Amino acid sequence: MPYVPHTTADTRAMLEVVGVDSVEELFAEIPQTLRPKSFDLPAGMSEMATRAKLEDLASRNSTNLVSFLGAGFYDHYVPSAVDALTMRGEFYTAYTPYQPEASQGTLQAIYEYQTAVTRLLGMDCSNASVYDGGTAIYEAVMMAVRQTKRVKVVISETVNPIYRILLGTYTVNLKLELVTVPHVDGATDFAAMEKAVDKSTACVVVQSPNFFGCVEDASALFAAAKAQGAVNIISAYPVMASVIKTPGAMGADIAVAEGQSLGLPMSFGGPYLGIMTCTKALVRQMPGRIVGRTTDSQGRTGYVLTLQAREQHIRRQKATSNICSNQALCALRCLAHLCLLGEEGLRRTASASIGNARYAAGKLAKIPGVTVLNNGPVGNEFAIRLPRPAQDVCLAMIGRGFVPGFPLGRYYPGLENCLLVTCTEKHSRRDIDILAAWLEDEL
Amino acid sequence: MSTVFTKSAPGREGVWPKQPEHDLSDLLPAGLIREVPAGLPSLSELDVVRHFSLLSRKNYGVDSNFYPLGSCTMKYNPKFCEDVAGLPGFARLHPLLPQLPRGDELTQGALEVMYESERWLAEITGMHDFTLHPMAGAHGELTGVLIMAAYHADKGNKKTKIICPDSAHGTNPASAAIAGYEVVSIASKDGIVDPDALAEVLDDEVAGMMMTCPNTLGLFEKNLPKIVEMLRSVDALLYYDGANLNAVMGKMRVGDAGFDVVHLNLHKTFATPHGGGGPGSGPVGVCEKLAPYLPISRVVKDPSGRFHLRYDYPKSIGYVAPFYGNFGVVLKAYAYMLRLGREGLIKVSENAVLAANYMRKRLDDVLEVPYDRICMHEFVASADKQSHKGVRALDIAKALLDKGYHAPTVYFPLIVKECLMFEPTETESKETMDQFVDDLRDILALAETDPAAVQAAPVTLPVTRLDETAAARNMHITEDM
């Protein structure tokens with residue numbers, strides 16, 4: 001049997017030491033009434049046959065489309081060395097670093113990851129990561145609720161709608177008041193946000209670039225919210241953070257992000273990486289693992305999990321969160337990716353992506369009947385309004401091998417004719433020219 | 001070893017895309033452009049490769065070291081599963097594709113993997129339906145408790161409490177509390193749940209109870225039928241923490257035994273790697289009456305054999321993940337299940353239990369084993385006796401590191417003094433276990449003659465014992481610029 005090494009002789013010798021005649025005797029405590037009513041599963045397969053089956057399944061997914069789909073999840077180039085390094089067994093077959101002396105590799109890498117994402121977002125502190133960008137928003141909101149002992153959460157409709165639904169699910173049994181402030185043509189309504197903030201507000205939550213791609217400055221809102229004692233939360237796009245005004249510079253107290261764009265494959269929705277950073281003042285409210293630098297008994301530098309008194313294995317039901325893992329391997333990929341690109345490589349990635357989006361917006365806006373939804377500054381994605389339902393146009397374009405973007409009507413009633421178009425540095429001008437030509441053809 | 005930031009040399013070229021055509025100042029207004037650089041390192045590819053190679057050598061992993069870490073199931077992670085998870089047909093798949101018009105047709109292979117994985121897990125556990133969305137075990141717990149809450153709300157039940165045995169993982173009470181419940185802890189008797197203790201706290205306000213079986217002492221909960229009956233009498237639900245499913249595949253199905261909700265850890269029983277602390281995957285299974293509350297989306301198969309994602313479940317608790325869970329992890333577990341098949345999965349449990357009992361018998365004359373009877377996939381020993389000579393469980397753990405082994409779990413569960421918890425798993429050979437036992441016996445002998453030598457361990461690793469108090473006090477959690 002694969003992956004079990006025991007020979008018949010080994011099994012016999014072990015049974016003898018245990019003092020039983022058969023393996024079945026080891027299960028004698030399980031009463032017959034609890035035995036399986038069925039265990040109807042196929043027989044095992046050889047590695048070769050299993051591979052053939054999985055390759056066949058993989059071939060039934062359309063990954064050869066030219067795609068302008070993004071909406072929070074991006075196809076950026078990943079250097080080959082990211083895979084090579086993170087597939088080292090010493091990293092990926094290790095457990096949580098509870099024995100720090102035998103886990104300095106994982107621990108130092110997480111410390112370096114914390115440093116890298118903190119710098120990228122212009123904040124003070126980071127944890128070792130949480131499941132994904134959406135969970136990070138939920139955890140950020142809960143930090144604010146604990147810190148302020150208030151219950152009102154003011155969130156912009158321009159925050160990724162999937163994350164807003166997730167927040168609703170997680171908090172359904174808690175006595176929170178979620179106030180969602182509608183967008184205006186894809187832009188955050190900062191005036192309405194500010195009006196919604198009062199002395200009962202735990203936090204404001206915005207996203208920049210927002211879900212529609214608009215790059216926005218929340219500084220004024222944050223200053224106003226802070227004056228009311230609220231915590232300022234922003235969801236960022238880490239590639240763009242290398243070139244746009246940082247959460248820290250805007251006055252954010254907590255900055256979170258989906259880290260998928262930093263070296264992780266899209267992999268149909270996960271595993272991803274929830275980046276979570278905050279100011280020094282809030283660090284003890286932060287959930288999840290945190291790695292700290294210290295010294296050993298001989299004075300040498302080493303790293304340990306720290307501030308564990310916040311966590312569930314110590315505090316049980318009084319813990320800051322039930323989270324007891326991080327996305328360590330994903331954080332390692334993120335760190336390796338950031339190191340391989342470096343400051344300059346990441347800035348070039350961001351600039352090239354924004355440049356492609358600018359070029360695409362220009363081309364598409366020239367098509368009769370097509371308008372850009374919002375003329376403000378955008379990052380690497382932008383929304384356009386079409387003369388007919390975006391779903392229909394999208395379907396026709398998929399028939400030509402192109403995914404032209406994400407139809408917004410699914411999450412924004414009233415925007416059924418709108419499409420969110422995303423570019424990365426991987427798109428060529430030719431891809432964009434064909435997109436524009438065929439879209440014009442279809443309209 | 002210095003950090004990657006100190007190795008940076010400004011201007012050194014990494015894996016850069018070509019120079020973009022536009023300056024940032026042409027693309028964004030000045031007020032929205034980042035003013036100061038982030039301070040990410042500038043390194044050559046070889047600099048980076050060497051840095052990470054050096055780091056990797058400071059880690060123990062299953063690939064290089066026996067890792068008998070109780071409760072964590074550190075079995076071998078087949079290379080094959082890693083390999084197929086990287087197939088471009090899966091790895092390059094955008095999660096929003098199925099949300100496009102007729103998008104299901106673009107992702108039939110992935111949807112089939114999800115559908116089939118759910119069916120496998122349902123048959124293995126005897127549950128009616130599964131969701132793959134929870135992204136870790138603790139996340140599965142939260143999802144499960146939210147499902148329980150939705151059921152009670154729907155029935156108009158006024159429930160405020162969840163019961164957890166004192167041997168439970170810390171995540172159980174934490175998950176229940178985060179879902180809005182009051183947590184009631186009950187004491188164990190002879191290492192298992194005591195029905196009398198349960199009776200004392202059981203009333204109409206109890207929403208459910210969370211159990212691990214076999215429990216965290218590696219013992220089978222033989223009062224299970226009685227417990228199920230008691231909970232039913234107040235319409236409370238029974239939650240199964242699947243951390244230890246690897247002991248009972250083909251021997252007991254939690255659904256048949258009366259559990260209503262279960263979460264599994266694919267990174268334990270189904271051999272997906274722990275990755276140094278994640279990513280995991282924590283699918284949740286439910287009995288038929290709880291199926292309407294499962295998170296959306298759900299994957300269904302139509303009569304023609306095509307797969308679809310459906311969202312029209314009005315009683316669903318909603319989204320617990322942005323998409324369909326940690327698909328990449330599920331895929332590895334699916335590959336593992338296909339490889340092993342029915343007989344292979346049964347053999348996994350049989351050999352995991354055999355290995356644990358073998359190690360228990362090889363050690364019970366030198367270490368106190370508080371529940372020295374047939375165990376399941378793991379067993380708990382106590383270094384209480386050794387601690388009277390000054391050698392604590394932690395010291396033994398550190399001495400094992402010096403011998404090239406990862407330590408067993410120490411000080412968990414909390415109900416055994418100077419606890420050491422061993423879980424060899426089914427993938428370790430008899431020779432490996434024998435050598436480990438010999439080395440551990442040597443350490444215990446040394447503890448008698450020279451306790452200071454054991455207390456000084458580890459001495460062969462890159463660092464000796466680290467000052468955790470100073471770490472918490474000084475809080476250096478990022479490198480200064």
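A helix, as I use the word here, is a DSSP run of H or I with at least four residues, numbered from the N terminus. The model I consulted is a predicted one.

**Entry 1: helix H13 of chain B**

Helix H13 of chain B covers residues 393–402, and eight of its 10 residues are buried, so the helix is largely enclosed by the rest of the structure. I listed the buried residues of H13(B) as Ala393(B), Asp395(B), Ile396(B), Ala397(B), Lys398(B), Ala399(B), Leu400(B) and Leu401(B). I then looked up what covers them: the cover includes helix H12 (384–387), helix H14 (430–449) and helix H15 (451–455) of chain B, together with strand S13 (409–410) and strand S14 (419–422) of that chain.

**Entry 2: helix H5 of chain A**

I turned next to helix H5 of chain A, residues 104–121, which has 18 residues. From its first C-alpha to its last, H5(A) reaches 26 Å, close to the 26 Å expected at 1.5 Å a residue. I noted that 18 of its 18 residues are buried. Just after H5(A), Gly122(A) takes a positive phi of about 70 degrees.

**Entry 3: Ser129 of chain A**

I located Ser129(A) in the loop between strand S2 (125–126) and helix H6 (133–148) of chain A. Is Ser129(A) buried or exposed? Its relative accessibility is 0%, so Ser129(A) counts as buried, the cut-off being under 20%. Leaving aside residues up to four places away in sequence, I found that Ser129(A) touches Tyr113(A), Leu273(A), Gly274(A), Ser325(A), Asn326(A), Gln327(A) and Ala331(A). For Gln327(A), I recorded that its backbone nitrogen lies 3.0 Å from a polar atom of the Ser129(A) side chain.

**Entry 4: the second largest pocket**

I read the volume of the second largest pocket as about 840 Å³. Its lining has 38 residues, and the closest to the pocket centre are Asp83(A), Pro265(A), Arg333(A), Gly86(B) and Ala91(B). At least two lining residues each come from helix H3 (80–86) and helix H13 (328–365) of chain A, and from helix H3 (79–85), helix H4 (88–91) and helix H11 (327–363) of chain B. By class, I noted 17 nonpolar, 13 polar and eight charged residues in the lining.

**Entry 5: Arg473 of chain B**

Finally, I looked up Arg473(B), which is placed in helix H16 (residues 468–474) of chain B. Arg473(B) counts as exposed because its relative accessibility is 60%, the cut-off being over 50%. Arg473(B) and Ala38(B) stand 435 residues apart in sequence, and I recorded their C-alpha to C-alpha separation as 27 Å.

Technical notes: Residues are numbered from 1 along each chain as its sequence is written. Chains are lettered from A and ligands numbered from 1 in the order in which they are written. This is a predicted model: local features need pLDDT of at least 70, side-chain atom pairs count only at pLDDT 80 or more; totals for chains, interfaces and linings use all residues. Side-chain values use heavy atoms; hydrogens and water are left out. On a 1 Å grid over the protein atoms alone, a cavity is a set of points where a 1.4 Å probe fits but cannot get out, and a pocket is an open set with protein on both sides within 12 Å along at least five of seven lines; lining residues have an atom within 4 Å of a point. Grid points are joined across faces, edges and corners, and a volume is the space filled by probe spheres set on the points. Ala, Val, Leu, Ile, Met, Phe, Trp, Tyr, Cys and Pro count as nonpolar, Asp, Glu, Lys and Arg as charged, and the others, Gly among them, as polar. Buried means under 20% relative accessible area, exposed over 50%, partly exposed in between (1.4 Å probe, protein chains only). A polar contact is a pair of N or O atoms within 3.5 Å; within protein, one must be able to donate a hydrogen and the other to accept it, and residues adjacent in sequence count only if both atoms are side-chain atoms. Contact means heavy atoms within 4.5 Å. The expected span of a helix is 1.5 Å times one less than its number of residues.
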